[in-house]
Amino acid sequence: MKRVCLFLLLCQCACFAQVLSPKEKNIILISSLTASGDLQRLKPALHKALEEGLTLSEAKEIMIHLYAYCGFPRAIRGLQTLMEVTDQRGKEGMKITYGREVSQIFSSDTKYNRGKENLAKLTGIPPSSVLSGYAAFAPTIDVFLKEHLFSDLFDRDVLTYKEREWVTVSVIAAIGKAEPMLRSHLGICRRLGVSAGEMKEYVSTLSKTIGKKKLKSVNQILKEILKE
């Protein structure tokens, strides 16, 4: 009887266990605060993330990746805040794990083709040579997306595809009014193996940094994706 009760207790604990790692939660918080330009809250969030084991290299990479979704001004202000935090932690002898630098990329293929392949891996949709939608309307942006975003950025290591998507969806949710892109990238998260539980905890974590209106939009899209 005691063993049965213990088993049931363990099952209950498992149900309430966190499904996102501290690192993933910190990525979500840092990305959304940077995209929102909330530097006052970003500073303690960076301190907490570095204290909990996020490497300085990973923190830099988050800022580099998110510029593609919220622009250089927000990303550079995020990097400047990270510099302030790093300087303070260095002077006060606080924990900083520097981590490894980004590996050099060696490939005989073009950046455009590498970007097409990376996009196909993310979406599960085979690459096509026929452009449609906004890409057909303005082919130059298709080149920039493939060569830079999906090649220059997604070819970099340090952060995994899954971690880069946490950055992406957090930024898009924070800036708001980009529901089609948010839907697309939440779908990519599911394809990369993010569970329903992780998705729900993502929303819970995000609720600390964005307003109710934006959060409502994220919840609605997430419900539709989970039904699909």
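Some ground rules come before the tour. Residues are numbered from 1 along each chain as its sequence is written, and side-chain values use heavy atoms, with hydrogens and water left out. Because the model is predicted, local features need pLDDT of at least 70 and side-chain atom pairs count only at pLDDT 80 or more, while totals for chains, interfaces and linings use all residues.

Start with confidence. The pLDDT is the predictor's confidence in each residue, from 0 to 100. Its mean over the chain is 93. Of the chain's residues, 92% reach 70 or more. Residues 4–16 fall below 50. Beyond near neighbours in sequence, this stretch has 0 contacts in the model. A contact means heavy atoms within 4.5 Å.

Now turn to helix 3, residues 39–51. Helices here are DSSP runs (H or I, at least four residues), numbered from the N terminus. How far should helix 3 span? The expected span is 1.5 Å times one less than the number of residues. For the 13 residues of helix 3 that gives 18 Å, and the end C-alpha atoms are 18 Å apart, so the two agree. The buried residues of helix 3 are L42, A45, L46, H47, A49 and L50. Buried means under 20% relative accessible area, exposed means over 50%, and partly exposed lies in between (1.4 Å probe, protein chains only). What do these buried residues pack against? Their partners are helix 2 (22–36), helix 4 (56–70) and helix 5 (72–91). Just after helix 3, G53 takes a positive phi of about 110 degrees.

Helix 4 holds E61. This residue is buried, because its relative accessible area is 2%. Leaving aside neighbours within four places in sequence, E61 is in contact with V102, R156, V158, L159 and R164.

Next comes K146, in helix 8 (residues 139–153). Is K146 buried or exposed? It is buried, with a relative accessible area of 12%. Not counting residues up to four places away in sequence, K146 touches K111, Y112, G115, K116, L119 and S151. Its side chain also makes a polar contact with the side chain of D142, at 2.4 Å. A polar contact is a pair of N or O atoms within 3.5 Å; within protein, one must be able to donate a hydrogen and the other to accept it, and residues adjacent in sequence count only if both atoms are side-chain atoms.

Move on to helix 11, residues 196–206. Here E198, M199, E201, Y202, V203, T205 and L206 are buried. Their cover includes helix 2, helix 9 (161–175), helix 10 (179–191) and helix 12.

Helix 12 (residues 212–227) is the place of E224. At 26% relative accessibility, E224 counts as partly exposed. A polar contact of 3.0 Å joins its side chain to that of Q220. E224 and R183 are 41 residues apart along the chain, and their C-alpha atoms are separated by 9.1 Å.

The cysteines close the tour. A disulfide is a covalent bond between the sulfur atoms of two cysteines. Here it is taken as a pair of cysteine sulfur atoms within 2.5 Å. The structure holds 0 disulfides. C70 is in none, and the nearest cysteine sulfur, that of C189, is 17 Å away. C70 counts as buried at 17% relative accessibility. C189 also counts as buried, at 1%.

Definitions and conventions:
Helix = DSSP H or I, 4+ residues; strand = E, 2+ residues; numbered from the N terminus.
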